[in-house]
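Please open the structure in a viewer and follow the stops below in order.

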Number of protein chains: 2
Amino acid sequence: MTMPFVDGYLPYLLARASHLVSGEFHRKVEAAGLSVPEWRVLATLADRDVCTVGALADITLTKQPTLTKLLDRMTADGLVERRREGAPDRRQALVSITERGRERARPLLVQAAEHEAQVLAAFGASQGDQLKETLRRLIALHARR
Amino acid sequence: MTMPFVDGYLPYLLARASHLVSGEFHRKVEAAGLSVPEWRVLATLADRDVCTVGALADITLTKQPTLTKLLDRMTADGLVERRREGAPDRRQALVSITERGRERARPLLVQAAEHEAQVLAAFGASQGDQLKETLRRLIALHARR
DNA sequence: AAATAATATATGAAATTTCATGGAAATCAG
DNA sequence: CTGATTTCCATGAAATTTCATATATTATTT
């Protein structure tokens, strides 16, 4: 009652904006037969050669046990591979995307870029760039450690 | 490979910023013995007299069946009340916070305001206000009609 | 007004997520 | 070095979330 929780509170505005903007695209993800967490993993791995489980959990904003079990399922589906050799630290597991995963991700990566372009166009490209810059700064300010 | 998913993609920047900023406060929520969804419900209801289940689901960014079951638990815990009389539409259920819920929410509402103030202070108040304004615009642009 | 469609919430079964903890490997203190 | 601590990932059991659908009510057609 003393706080306009819904409309003036920065954490809520961030959450709502994220929910709305991503939600639009997430419909396309599900239409493509992937869950949102699966999409996040594939999109992240599409970029890089390999990634440790911990780093992937961090990037995909997922808790580690949740990710481990998601990776179990995605491995069973042939979307990703996990191996324990080759890491500098033998506790780590290295995850990489498979060719099959890449094929599934490819059209969505295109659609994601299109969706972002639409959002930015509607918003105004320069304002959009400025928002991105602002968000990067906010993120840097709150990065752990 | 063609897309800098992690660092240049607006939906991801929004999600990450939201995750980091809210994550800090969510630790206090759990320390107070509430789950994040419970906190969202209480914070929303603290402001208003009553709210329909649907509106509450929308505001708290929760799917309706998820919210219904959360409300079952919160009702059992005496944090909220749900009734079907009094609504203009008899399909609706009206949810309100109880005195007990208010007591549990109160200290967290204070901490939430403090946390936001810290975030804004570190970020720069004017930049913070500008970010809020920008987010409101982005939200308005994507609100489901 | 009857029939049909749409909306608000609830519910059961299945799937996922979470918490707490385990084991293995690396790092640190003495 | 040795033992204590910490870090990384996995796992079982419990809790939550989700999907599909049911039920009740309201809105729209015809």
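This is a predicted model: local features need pLDDT of at least 70, side-chain atom pairs count only at pLDDT 80 or more; totals for chains, interfaces and linings use all residues.

**Stop 1: chains A and B.** Select both chains and display their contacts: 44 residues of chain A are in contact with 44 residues of chain B. On the chain A side, colour α1 (5-8), α2 (10-31), α3 (36-47), α6 (99-123) and α7 (125-142), each of which gives two or more residues to the side touching chain B. The largest share comes from α2(A), with 14 residues. Colouring this side of chain A by residue class gives 30 nonpolar, 8 polar and 6 charged residues.

**Stop 2: DNA strand D.** Select the residues around strand D. There are 22, and the closest are Thr52(A), Gly54(A), Pro65(A), Pro65(B) and Arg90(B). At least two residues of this surface come from each of α4 (53-59) and α5 (64-76) of chain A and α5 (64-76) of chain B. α5(B) gives the most, 5 residues.

**Stop 3: α6(A).** Select this helix of 25 residues and check its span from first to last C-alpha: 36 Å, close to the 36 Å expected at 1.5 Å a residue. Where is the kink in α6(A)? Centre on Ala105(A), shortly before the proline Pro107(A), where the kink is about 35°. Ala105(A) is also buried, as are Gly101(A), Arg104(A), Leu108(A) and Ala112(A). Now show α2, α3, β2 (80-83) and β3 (94-97) of chain A, against which the buried residues of α6(A) pack.

Notes. Residues are numbered from 1 along each chain as its sequence is written. Chains are lettered from A and ligands numbered from 1 in the order in which they are written. Two residues are in contact if their C-beta atoms, placed from the backbone, lie within 7 Å. Helices (H or I, at least four residues) and strands (E, at least two) are DSSP runs, numbered from the N terminus. Ala, Val, Leu, Ile, Met, Phe, Trp, Tyr, Cys and Pro count as nonpolar, Asp, Glu, Lys and Arg as charged, and the others, Gly among them, as polar. A residue is near a molecule or strand if its C-beta atom, placed from the backbone, lies within 6 Å of it. The expected span of a helix is 1.5 Å times one less than its number of residues. The bend at a residue is the angle between axes fitted to the seven residues ending there and the seven starting there. A residue is buried if 20 or more other C-beta atoms lie within 10 Å of its own, exposed if 12 or fewer, and partly exposed in between; C-beta atoms are placed from the backbone.
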